[in-house]
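Here are my notes on the model, point by point. Please keep the structure open while you read.

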Amino acid sequence: MAKIDILQMGPYPSWDIELLEKSFQLHPYFEADDKAAFIAERADVIRGIATRGELGASRELIDALPQLEVISVYGVGYDAVDLDAARARGIRVTNTPDVLTKDVADLGIAMMLAGARGVIGAEQWVRSGNWGKQGLYPLQTQVSGKRVGILGLGRIGYEVAKRCAAFDMEIAYSDLGPRDFAKDWTYIEDPAELAAQADFFFVTLTGGPATRHIVSAAVIKAVGPQGMIINISRASNIDEAALLDALEDHSLGFAALDVFEGEPQLDPRFLALDNVLLQPHHASGTVETRKAMGRLVCENLEAHFAGRPLPTPVI
Ligand code: 8YV
């Protein structure tokens, strides 16, 4: 029987390709020079899309594929998929929640510690020979016992909070309402109020139109010159221009960022700053987690085409 045709939006590790190719014929969109011609040639056969969180699937692409039935996202975030366009056509969308939660929280904590303790600069101090020439590295900032504000106490926010609790931090959070499982932590509805009482301010919200720029200039200012913002969610959750202004004039102390507007291109202003820690959107980037994500992408596609319930549906 002929394999079902799947449009592949971005690269996957070889083990995912092997897995997917057992059941599907992959069409690597990202390798095509002429994207429009690539789609036009395959429009009548493509029944599924395998995409990545940051690549999603636009309305234009969905509209160009009349046989499309399912979009399987390699990532928990599906904000780059035009859900309205998919819903209007009855196209199913799946993502990869849960399997990446702990890794994303781990990287958030690593970024907090690295930023506060100057781990990157300290390593440079050793490599450059400054330790021998200039002596001790400048003193850094303590993390244990400090106040943390978590904007979005979903799966990832909860894992961040648990880790912060192990550092004896005072935990406050904001969400749509107080969460039953968070009785030991303080609920503060307003993001700016949450920010005002946080030394370390984690952004762990779902991305999308509803939360766009929720971390506004006012929230950034409220974190303040001694504070740090850690973003392991989506760039769109922060007003990036306001963030850059605040980092440049030091009205915000530090930012540790895994996500950027227009990534992988960055606003060059970031590169001139020494009060940022910049990471290449790799919070879920471990072999173990990426293997689990790849399996889920494949399992969702297989379930759909076999008429079984989808393991992790979005719509
Ligand atoms: C991935 C992500 O880096 O889960 C998400 O929403 O953004 C990340 O886990 C990305 O989807 C991999 O392409």
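1. Where does Ser284 lie? Ser284 sits in the loop between β12 and α13. This is a predicted model, so every remark below concerns a prediction. Ser284 counts as buried, because its relative accessibility is 10% and the cut-off for buried is under 20%. Its side chain makes a polar contact with the side chain of Arg290, at 2.9 Å. Arg290 is itself one of the buried residues of α13.

2. Helix α13 covers residues 287-306. Gly307 follows the helix, and its phi is positive, near 75 degrees.

3. Residues three or four places apart in an α-helix point the same way, because a turn takes 3.6 residues. Glu302 is partly exposed, with a relative accessible area of 28%. From Glu302 to Ser144 the separation is 158 residues in sequence and 46 Å in space, C-alpha to C-alpha.

4. Now the ligand. How many residues surround it? There are 13, and the closest are Glu54, Tyr74, Val76, Gly77 and His281. An oxygen atom of the ligand lies 2.7 Å from a polar backbone atom of Val76. For Gly77, a polar backbone atom is likewise 2.7 Å from a ligand oxygen atom. With His281 the side chain takes part: one of its N or O atoms is 2.7 Å from an oxygen atom of the ligand.

5. The second largest pocket holds about 560 Å³ of space. Its lining has 26 residues, and those nearest its centre are Gly115, Ala116, Gln140, Gly253 and Phe254. Which element gives the largest share of the lining? That is α6, with four residues. At least two lining residues come from each of α5 (101-117), α6 (119-127) and β12 (276-278). By type, the lining divides into 12 nonpolar, 11 polar and three charged residues.

6. Asn275 deserves a look. It is found in the loop between α12 and β12. Asn275 is buried, as its relative accessible area is 5%. Its side chain has a polar atom 3.0 Å from the backbone oxygen of Leu247. The side chain of Asn275 also reaches the backbone oxygen of Gly253, at 3.4 Å. Gly253 is among the residues nearest the centre of the second largest pocket.

7. How many cavities of 30 Å³ or more does the whole structure contain? The search finds one. About 40 Å³ of space lies in the largest cavity. Its lining is made of Asn231, Ala235, Ile238, Glu240, Leu243, Leu257, Val259, Phe260 and Phe270. Seven of these residues are nonpolar, one is polar and one is charged.

8. Next, the backbone. Most residues other than glycine have a negative phi, and most peptide bonds are trans. The bond from Glu263 to Pro264 is cis, with omega near 10 degrees. Pro264 is in the loop between β11 (254-257) and α12 (268-271).

9. Asp98 is in the loop between β5 (92-94) and α5. It is partly exposed, with a relative accessible area of 48%. Asp168 has a positive phi too, near 55 degrees. Asp168 lies in the loop between α8 (155-166) and β7 (170-174). At 61% relative accessibility, Asp168 counts as exposed, because the cut-off for exposed is over 50%.

Notes:
Residues are numbered from 1 along each chain as its sequence is written. This is a predicted model: local features need pLDDT of at least 70, side-chain atom pairs count only at pLDDT 80 or more; totals for chains, interfaces and linings use all residues. Side-chain values use heavy atoms; hydrogens and water are left out. The expected span of a helix is 1.5 Å times one less than its number of residues. Buried means under 20% relative accessible area, exposed over 50%, partly exposed in between (1.4 Å probe, protein chains only). On a 1 Å grid over the protein atoms alone, a cavity is a set of points where a 1.4 Å probe fits but cannot get out, and a pocket is an open set with protein on both sides within 12 Å along at least five of seven lines; lining residues have an atom within 4 Å of a point. Grid points are joined across faces, edges and corners, and a volume is the space filled by probe spheres set on the points. Ala, Val, Leu, Ile, Met, Phe, Trp, Tyr, Cys and Pro count as nonpolar, Asp, Glu, Lys and Arg as charged, and the others, Gly among them, as polar. A residue is near a molecule or strand if one of its heavy atoms lies within 4 Å of it. A polar contact is a pair of N or O atoms within 3.5 Å; within protein, one must be able to donate a hydrogen and the other to accept it, and residues adjacent in sequence count only if both atoms are side-chain atoms.
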